[in-house]
Amino acid sequence: MKSLIVANWKCNPTSLKKAKRLFNLIKKGIKSIKNTEVVICPSFVHIPILGAFVSTRQKASFCRLALGSQDCFWEGKGAFTGEISPLMLKDLGCRYVILGHSERRKYLIETDEMINKKMKKVLEFGLKSIICIGEKKGEGFDILKSQLQNGLKGISKKNIKNIIVAYEPIFAIGTGKSCSLDKVLSVSLFIRKMIYKKYGRTAAENLKILYGGSINKENAKSYITEAGVNGLLVGGASLKADEFVAIAKRCGIRTKISKIS
Ligand code: PGA
């Protein structure tokens, strides 16, 4: 399975000039990496301009660069002031949409129900959805279970291949204190088992799981090789081209498809 390395730029950079520069440095840096898909998720306002730099003709075995967004609305169009629809994102060349990031759950009070509605629209329009789940320090697996169960409510077996699950423990985001490999391994097995129960073996084995939270070039590879995940969701480090390219380079290995027993 190809590794998937996703850059979540959040509310950065603050000028188009800086966004273009960062994007092009990353694009150049990852050119020769194999077996990896890199997805850059800039702010909405930068998507149309950066989309013009994404080539659609890249050889399948080479690293491909795709564009994603950090959120979207749950309707395709209409009287929803200030919202961005997944159809608009698709039209601009986005292939992925991050949903349910903990910062949106916290600052925008997004609920599982809202995330589920968004997910359904994203899938309806043929985009891939990256659903983020994560617990606060001291919380257990129950919260992860309910976030995933509620987020996937009504999602069919046919659509599960277009869903990626990102495990992002809140205590590890932006703190410089990444989650232990053992913990990420047990959560990734837990997620795969949940998918197995609901959608069957093939879906569980082929599910892409990402880890996110204080990833840097030193710790990146160990998550892919030792923690049962197939990629990374990178925040702060994705704003430094050299660091992000180094992360993508170190993860450019074919990850094993995890067998469920
Ligand atoms: P971080 O953020 O890499 O800065 O910890 C990760 C995320 O929020 O997706």
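Mentor: Start with a polar contact, meaning a pair of N or O atoms within 3.5 Å. A polar side-chain atom of K10 sits 2.6 Å from a ligand oxygen atom. This is a predicted model, where local features need pLDDT of at least 70, side-chain atom pairs count only at pLDDT 80 or more, and totals for chains, interfaces and linings use all residues. Residues are numbered from 1 along each chain as its sequence is written, and side-chain values use heavy atoms, with hydrogens and water left out.

Backbone atoms take part as well. G174 places a backbone N or O atom 2.7 Å from an oxygen atom of the ligand. For G235, a polar backbone atom is 2.9 Å from a ligand oxygen atom. On its own, the ligand has 280 Å² of accessible area, and the protein covers 95% of that area (Shrake-Rupley method, 1.4 Å probe).

Now the whole shell. There are 13 residues around the ligand, and K10, H101, E168, G174 and S214 come nearest (a residue is near if one of its heavy atoms lies within 4 Å). By class, the shell has four nonpolar, seven polar and two charged residues. Ala, Val, Leu, Ile, Met, Phe, Trp, Tyr, Cys and Pro count as nonpolar, Asp, Glu, Lys and Arg as charged, and the others, Gly among them, as polar.

G174 uses a backbone N or O atom, at 2.7 Å.

Note on methods. A polar contact is a pair of N or O atoms within 3.5 Å; within protein, one must be able to donate a hydrogen and the other to accept it, and residues adjacent in sequence count only if both atoms are side-chain atoms.
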